[in-house]
Amino acid sequence: MAVAIALSQRARPSSAPNPNVGCLLVKDGQVIARGWTQTGGRPHAEAMALDAASNAARGATAYVTLEPCAHASPRGPACSDTLIAAGVARVVVAAQDPDPRTDGAGIARLKAAGIEVVTGVLAAEARGAMAPWWARQTRARPFVTLKLATSLDGCIARADGASRWITGERARAHGHLERARHQAILVGRGTFDADAPKLDVRLPGLTDRSPKKLLLTRGAAPQGWTAVASPDAIEGVDSVLVEGGAGAASAFLAADRVDRLLLYRAPILIGGGKPALGDIGLTDLAEAHRWRLADSRLLGSDRLDVYERAREG
């Protein structure tokens, strides 16, 4: 299942509006086929793996990161039906599909056909891998990642606004990879006016993954940009990377719309510079948001800490 989850990441964010799913077919202890959701959401991961395996799929075990769908579509058949027709003997499912059109129906259909079904294997990891789609399905809003690149003393720029470059080349390359994994990227009006950012992806082989550009403003947006009036007003995308500046970051934190925090810290001190955050509406320490450390690594001489918002339920 861990391999299937890793495969699912190849479809993020290109599978939107469908979930990024991974599928692995195993027979006689050997992997016989792999699949992941294709661009635009079709074909599904199961269809890709079954097509690659052909007749060898009969009697195999399918490892799928999301419950096989139970609803037919003009774009393709239901994956639960496809797995049954292929003659697989066993299906291992990570997470049950929250979409009401499936939500247990795919599992029930497989069981009714005499297929052994195992559920809940690495479910939390699978949900995390498809976090943007999951947020849209369960919370009716996009999954938001906030990126902060700071000095050790929490500054994002010198007092005069100079900020190139606080972090080194490897940290900046990782930031571009994160851009490629999001459907949209957002900055505030102050950052737009000061830096005129391109917000594109400049990694070899990923230049076509540049996300949609959003501008947090109550005014009009220039050509090629989409104006967003508030953190609650983002539509049409499942994932957003908030990249600058302090005003935009503070607005999303104050609205409790940040699900994941990327904190890049360079081993420098600025002193008297521009802080990474402004007021986020905190009146008591008991109200402070809680975060779980999900990852920590060195990128050259810079430190990246990845935090996930700890929410009840």
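## Aromatic pairs

W133 and W134 are both buried, where buried means under 20% relative accessible area with a 1.4 Å probe and protein chains only. This is a predicted model, so local features need pLDDT of at least 70 and side-chain atom pairs count only at pLDDT 80 or more, while totals for chains, interfaces and linings use all residues. Side-chain values use heavy atoms, leaving out hydrogens and water, and residue numbers start from 1 along each chain as its sequence is written.

Rings of Phe, Tyr and Trp (its six-membered ring) pair if their centres lie within 6.5 Å; planes under 30 degrees apart count as stacked, over 60 as edge-to-face and the rest as tilted. That rule gives 2 aromatic pairs. W133 and W134 are edge-to-face because their planes sit at 70 degrees, with ring centres 6.0 Å apart. F192 and W225 are also edge-to-face, at 5.0 Å between centres and 80 degrees between planes. This pair links distant parts of the chain, 33 residues apart. F192 is buried at 18% relative accessible area, and W225 is buried at 12%.

## Charges over rings

Here NZ of Lys or CZ of Arg must be within 6 Å of the ring centre and within 35 degrees of the ring normal. R10 has its charged end over the ring of W36, 4.6 Å from the centre. K147 lies over the face of Y264, 5.7 Å from the ring centre.

## Around H182

H182 is buried too, at 2% relative accessibility. A polar atom of the H182 side chain lies 2.7 Å from the backbone oxygen of E178.

Definitions and conventions: Buried means under 20% relative accessible area, exposed over 50%, partly exposed in between (1.4 Å probe, protein chains only). A polar contact is a pair of N or O atoms within 3.5 Å; within protein, one must be able to donate a hydrogen and the other to accept it, and residues adjacent in sequence count only if both atoms are side-chain atoms. Helices (H or I, at least four residues) and strands (E, at least two) are DSSP runs, numbered from the N terminus.
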